[in-house]
There are 2 protein chains.
Amino acid sequence: MNKGTTYKKVKVHFQPDNVGIVVERGASLLQAAIDAGVHITASCGGVGVCGTCKVLIEKGDVESSRSEKLSPEEWKQGIRQACQSRVLTDLLVSIPVESRLETVVVSREIERATKMATGGAGPAEAIATGWRFKPPLNKCYIELPPPTLVDNISDLSRLLRGLKKQCSLNYAGVDPDVVRKLPRVLRSKKYRVTATTLVKAVKTKADKRKPTIINLEPGNTGQKHFSLAFDIGTTTVCGQLLDLNRGKAIAEAMAYNRQIGYGADVITRIAFCQGPGGLKKLQQAVVVTINQIIDELLAQSQTEAKDIGHLTIAGNTTMTHILLGINPKYIRLAPYTPAASFFPPVMAHSLGLNVAKHVHLFPFPSVASYVGGDIISGVVAAGIHQRKKLTLYMDIGTNGEIVIGNSDWMVTAACSAGPAFEGGGIKHGMIATAGAIEDFDISLPDLNPEVHTIGGAKPKGICGSGLLNIIARLLESKVISQNGKFNTDLATNRIRKGSDGYEYVLSRAGETQTDKDIVITEVDIDNLIRAKAAMYAGCRTLTESVGIACADLEQVIIAGAFGSHIDIEKSITIGLLPDIPRDRFIFVGNGSLTGSRLVSFSIDLLDDARKVAMMMTNLELSESPDFMHHYVAALFLPHTHADEFPNVSKRLAGLADIKTKGGLTV
Amino acid sequence: MNKGTTYKKVKVHFQPDNVGIVVERGASLLQAAIDAGVHITASCGGVGVCGTCKVLIEKGDVESSRSEKLSPEEWKQGIRQACQSRVLTDLLVSIPVESRLETVVVSREIERATKMATGGAGPAEAIATGWRFKPPLNKCYIELPPPTLVDNISDLSRLLRGLKKQCSLNYAGVDPDVVRKLPRVLRSKKYRVTATTLVKAVKTKADKRKPTIINLEPGNTGQKHFSLAFDIGTTTVCGQLLDLNRGKAIAEAMAYNRQIGYGADVITRIAFCQGPGGLKKLQQAVVVTINQIIDELLAQSQTEAKDIGHLTIAGNTTMTHILLGINPKYIRLAPYTPAASFFPPVMAHSLGLNVAKHVHLFPFPSVASYVGGDIISGVVAAGIHQRKKLTLYMDIGTNGEIVIGNSDWMVTAACSAGPAFEGGGIKHGMIATAGAIEDFDISLPDLNPEVHTIGGAKPKGICGSGLLNIIARLLESKVISQNGKFNTDLATNRIRKGSDGYEYVLSRAGETQTDKDIVITEVDIDNLIRAKAAMYAGCRTLTESVGIACADLEQVIIAGAFGSHIDIEKSITIGLLPDIPRDRFIFVGNGSLTGSRLVSFSIDLLDDARKVAMMMTNLELSESPDFMHHYVAALFLPHTHADEFPNVSKRLAGLADIKTKGGLTV
């Protein structure tokens with residue numbers, strides 16, 4: 001930029017959020033939205049190739065050019081790709097329903113997860129037990145004798161002597177800021193103080209671990225003793241405020257990860273980090289998200305930020321890297337090495353989090369580039385490492401993770417399933433928010449659909465679990481065959497040929513929010529088949545690697561947001577989950593958040609997390625010939641080998657025939 | 001301040017420094033000088049009562065009012081107290097010779113101290129021996145195998161595995177910034193890296209102490225392995241650059257502590273800290289001083305700041321508090337409790353020091369408010385804790401410190417001697433810089449003086465050691481009697497009555513830099529007698545407290561800047577040092593700096609420092625009746641009890657008579 005250039009400021013106002021921001025003339029419209037805290041879906045990270053960030057320019061001018069993602073009609077109406085537009089004048093911008101994120105799903109998530117996550121009794125088989133309530137963070141109130149000429153040891157020595165005598169505290173160290181405030185705090189309430197201590201080290205043995213004094217407050221503040229537990233997901237971030245005196249969560253909140261504006265999946269975000277300032281921007285985005293959740297947790301529980309003494313986070317390897325400001329570059333390049341799988345605690349305040357300066361952030365350890373702290377956290381929460389019971393733990397999603405094992409051993413693998421489970425790569429796919437079709441039935445013999453949407457709104461698209469349910473029902477009703485192709489002979493006008501090949505019309509334009517037909521195409525079905533095949537092949541490769549069959553699994557734990565919404569029977573029908581007795585399946589909701597909470601309550605479990613991360617053997621499926629073999633075999637509904645899905649195969653074979661156009665039955 | 005006020009900037013130019021600064025109109029002239037890095041002596045800390053900060057306003061206007069510290073003649077000439085003047089217009093200011101600090105003494109200090117401090121052999125009896133060369137800071141070069149698909153552990157795990165295998169390193173932790181730079185550094189020189197490790201903990205046993213990885217550099221940087229050792233004195237700050245590969249200091253530099261501008265002694269500075277922003281200003285002042293020394297050390301040794309990995313400082317309790325940003329308020333209020341006597345390591349960069357972000361600063365532990373880390377450092381350097389030899393360690397100064405003991409026990413006390421030893425409170429006193437009278441003889445029978453100044457310059461005043469030498473000679477020549485009063489009957493015009501009572505003219509106005517007579521007054525002599533009485537009474541109280549006599553002392557170690565310049569025989573003559581065999585006295589120069597260096601070379605000595613601080617018993621002399629008794633007895637030259645100074649008493653009794661005005665002899 002040359003000296004003397006005058007920068008013109010312009011105003012951009014977003015609807016329906018009703019939020020405005022002042023930016024430099026020439027700024028990116030997508031960046032303006034992010035800066036204003038307005039969500040615009042931008043799956044590809046703002047490079048112009050996905051077409052998800054469409055907005056309508058109601059007033060004012062932008063500089064933009066039409067790509068193939070915009071039809072000439074859309075262009076004429078004033079629709080632009082936000083990521084490809086530069087602001088020229090004051091603007092009024094409307095974000096169409098497809099580009100918006102909504103919050104209905106968030107409350108639904110919380111409702112489902114609350115029982116498990118707030119410490120209510122989950123299924124006895126899938127929660128860690130037997131741990132001592134022994135948080136790494138402690139508060140200790142002491143009354144000290146004031147100094148005299150015969151006892152004029154330093155303030156710090158006086159404090160340490162008191163802590164040893166009155167709290168049996170054998171300390172490891174004192175943070176410099178405690179020493180700085182010590183003279184004032186000691187004298188402000190007549191030498192009555194509350195010390196906050198933290199066990200930082202995890203490498204020494206539990207009984208040899210000495211705490212560090214991280215804070216000091218005047219008087220007795222023992223009753224205000226809180227910490228924060230977080231699950232940092234690629235899509236959503238969820239946090240709980242924990243009362244360490246009561247050993248329970250007293251508030252919970254969730255928000256979309258603001259990194260979504262820079263790309264939908266970890267790969268896009270890692271790529272974004274390589275641009276100038278990219279890592280910093282993504283780090284800021286998740287920090288802002290966490291701060292927003294902290295604000296809400298404090299408001300919900302009438303708690304003050306200064307009373308929070310500790311913070312634990314579980315996230316996948318990429319999310320953890322970015323939050324800590326570590327470049328995740330090599331995670332996406334073979335041979336896929338993360339910078340670290342064990343992370344030293346960091347000062348939360350130094351990352352920009354709105355907590356007191358003495359608060360340490362403990363990240364969960366991870367196993368590999370695509371098996372992260374969220375999985376370790378979930379495995380610890382589920383107590384898999386505590387029992388002999390042979391367990392399969394699955395977190396189904398774009399980056400699906402699988403763990404098999406028990407207290408003796410564990411193997412793990414990440415399956416790159418693609419975005420279909422989250423509605424990505426699907427013609428009318430969307431993430432699971434209001435208006436997404438999540439359930440589906442089909443009436444016989446006329447083959448007309450019955451759709452159910454999240455929040456009961458008019459249909460807007462199809463979410464991942466909806467897609468799974470639709471395909472299972474289409475298969476059961478023989479509208480599609482086991483190779484995922486439409487039976488085009490059927491006597492219905494719902495099946496038709498569209499721009500992507502054959503498709504089935506789920507909702508007519510008149511019934512939808514988008515005023516367009518919502519369809520499911522053969523390409524969509526193929527995408528889901530490939531996604532479920534990757535997950536299932538991952539399970540099979542892992543079971544085979546340890547010499548067991550799926551039938552040997554004594555317990556299958558389904559974790560994660562997507563997992564919470566799937567129907568077991570339908571998931572087995574399409575071949576995503578193994579065809580074993582249904583009572584072996586357990587849902588644990590957000591296992592990652594649960595684990596994050598539990599380690600805040602017990603250093604025993606904090607140790608367990610480290611041990612679990614160390615005992616897990618990671619298999620790189622992307623380079624495994626066995627995996628490719630299993631994958632190809634699974635590209636069928638439910639599977640090429642019918643005997644792997646005996647119950648489903650038997651049921652499908654026994655289904656009623658339906659009529660074709662010619663009056664025949666199939 | 002009201003909105004809309006326009007602040008006018010004005011320029012102040014200082015002579016003879018030839019340094020200018022732009023300040024707000026209305027700013028304090030003393031502050032302007034400090035900000036410009038120009039030294040003006042301001043012993044009282046800028047509150048207007050000492051009159052040491054006189055400057056001559058050559059051009060321009062200041063707002064000021066005349067106090068009793070300025071004569072009407074001075075006022076007329078344009079002389080003002082800098083601390084009492086506000087800048088109104090552009091100024092040209094001359095700093096008169098009396099208000100200036102000069103640097104000749106600095107080089108003299110270095111010359112004297114070099115032999116001891118740079119690791120040359122000092123007297124065998126007064127240096128710590130038998131320690132292993134085992135610095136807390138280490139560098140470890142390793143070559144790692146690049147990751148492959150079958151060996152794709154995280155970068156951090158790869159580094160740690162390599163360090164364990166190739167350097168037998170069992171680490172305790174890794175600093176977060178190392179993880180942040182890890183992916184880039186590993187790959188920049190083909191997985192060849194140098195790790196810097198630091199043993200942080202001092203509480204665990206030496207063999208169980210695990211280092212933390214604090215830095216990582218590409219390639220082999222093992223040959224660039226440096227640390228810094230500092231002595232932070234109230235008046236001067238001295239630093240050494242240490243080559244940890246060679247185990248020696250390769251550069252040394254000294255500078256006046258810039259806090260001098262805010263007050264000459266620790267009490268004034270503690271008071272200054274209580275004003276708004278006071279602590280921050282003093283902290284900044286010493287940080288700037290240290291940075292200036294670092295710059296000089298780097299320039300001297302052609303070293304780069306990035307290759308410095310560690311920093312150790314020894315300072316008195318107040319200096320340590322202020323440098324670390326801890327309010328020293330309660331040090332000066334009974335019962336004299338410092339905030340801490342053991343200080344956690346802090347990040348040097350966070351204090352504003354110009355070193356790499358990973359550099360830790362290790363402060364020496366102290367014993368009490370007036371027995372600080374400089375004394376612990378000196379005692380460790382002298383190896384007192386290693387031997388059975390009964391030792392007296394003295395650091396003579398405004399805040400004199402005394403230690404008595406050996407490897408089994410140690411007692412210590414601080415003596416508030418007053419500023420006389422540093423030329424303070426003396427009519428023509430000055431600190432030991434160029435032009436200060438440091439030695440003196442008197443010719444008989446005419447009683448004319450022969451003076452020697454530092455740097456051979458024209459006399460400007462009297463420094464502390466000069467004062468001691470003058471008084472010893474005046475006593476030996478019977479010009480003063482044992483109660484410190486002038487023999488006014490003597491046949492000389494050098495003794496006369498002045499404004500402060502009787503005085504002796506050392507230099508006539510024509511021979512001096514100040515164009516005024518330089519005299520020593522009875523008040524001055526009385527001040528020195530009180531100072532030496534405090535030190536000696538401290539020794540006697542301590543020896544008595546442990547049931548020994550001075551004659552039992554097997555060794556007397558004299559440390560510190562003032563101590564380095566005194567004459568043993570003359571010091572015994574006036575009763576400052578005990579009258580025991582002269583060969584038991586040893587000078588160690590800047591023992592504090594030596595200790596600071598030695599602990600950078602050996603964690604054994606670092607441990608010793610902690611042990612010494614813990615084993616020392618502190619006696620509060622200010623409240624001791626025994627001390628008062630010894631003090632009163634010592635208010636005589638050399639002492640009220642002649643038998644305590646048998647050799648001196650004998651010598652004084654045998655001296656030749658001199659003539660009085662009446663022709664008689666005394």
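Mentor: In this predicted model, about 3,300 Å² is buried between chain A and chain B, where buried area is the accessible area (1.4 Å probe) that two parts lose on being put together, summed over both. Carbon and sulfur atoms give 60% of that area. The contact (heavy atoms within 4.5 Å) draws 42 residues from chain A and 42 residues from chain B.

Two helices of chain A, α4 (155-167) and α5 (176-188), each supply at least two residues of the side that touches chain B. Helices (H or I, at least four residues) and strands (E, at least two) are DSSP runs numbered from the N terminus. The largest share of this side, 6 residues, comes from α5(A). By class, the side of chain A that touches chain B holds 24 nonpolar, 9 polar and 9 charged residues; here Ala, Val, Leu, Ile, Met, Phe, Trp, Tyr, Cys and Pro count as nonpolar, Asp, Glu, Lys and Arg as charged, and the others, Gly among them, as polar.

Residues are numbered from 1 along each chain as its sequence is written, while chains are lettered from A and ligands numbered from 1 in written order. Local features need pLDDT of at least 70 and side-chain atom pairs 80 or more, whereas totals for chains, interfaces and linings use all residues; side-chain values use heavy atoms, without hydrogens or water.

Chain A can next be considered by domain, with bounds from an automatic or database domain assignment. The assignment gives domain 1 (9-99), domain 2 (137-218), domain 3 (224-363), domain 4 (376-419 + 529-651) and domain 5 (422-519). The centres of domain 3 and domain 4 of chain A, taken over C-alpha atoms, are 25 Å apart. Their contact takes 22 residues from domain 3 of chain A and 17 residues from domain 4 of chain A. Between these two domains about 1,400 Å² is buried, 66% of it given by carbon and sulfur atoms. Of the area that domain 3 of chain A buries against domain 4 of chain A, Asp231(A), Tyr336(A) and Phe342(A) supply 32%, more than any other three residues. This interface has 0 salt bridges by the rule. On the side of domain 3 of chain A that touches domain 4 of chain A, the elements that give two or more residues are β12 (226-232), β13 (236-243), β14 (248-256) and β15 (308-315) of chain A. That side divides into 13 nonpolar, 5 polar and 4 charged residues.

In one of them, the side chains of Asp151(A) and Arg158(A) meet at 3.1 Å, N to O. Both Asp151(A) and Arg158(A) are buried, a word that means under 20% relative accessible area, with exposed over 50% and partly exposed in between (1.4 Å probe, protein chains only).

In chain A, Arg582(A) and Glu569(A) form a salt bridge whose closest N and O atoms are 2.8 Å apart. Arg582(A) lies in the loop between α13 (568-574) and β28 (585-589) of chain A and Glu569(A) in helix α13 of chain A, so the pair ties together parts 13 residues apart in sequence. Arg582(A) is partly exposed at 27% relative accessibility, and Glu569(A) is partly exposed at 30%.

In chain B, the side chains of Arg496(B) and Asp517(B) meet in a salt bridge of 2.9 Å, N to O. This pair links distant parts of the chain, 21 residues apart: Arg496(B) is in strand β24 (residues 495-498) and Asp517(B) in the loop between β25 (501-507) and β26 (518-521) of chain B. Arg496(B) is partly exposed, with a relative accessible area of 29%, and Asp517(B) is partly exposed, with 21%. Returning to chain A, salt bridges that share partners join Asp441(A), Arg473(A), Glu476(A), Glu569(A), Asp579(A), Arg582(A) and Arg651(A) into one network.

Ser465(A) has its place in helix α10 (residues 464-476) of chain A. Because its relative accessible area is 4%, Ser465(A) is buried. Not counting residues up to four places away in sequence, Ser465(A) touches Phe421(A), Glu438(A), Phe562(A), His565(A) and Ile566(A).

Key: A salt bridge is a side-chain nitrogen of Lys or Arg within 4 Å of a carboxyl oxygen of Asp or Glu.
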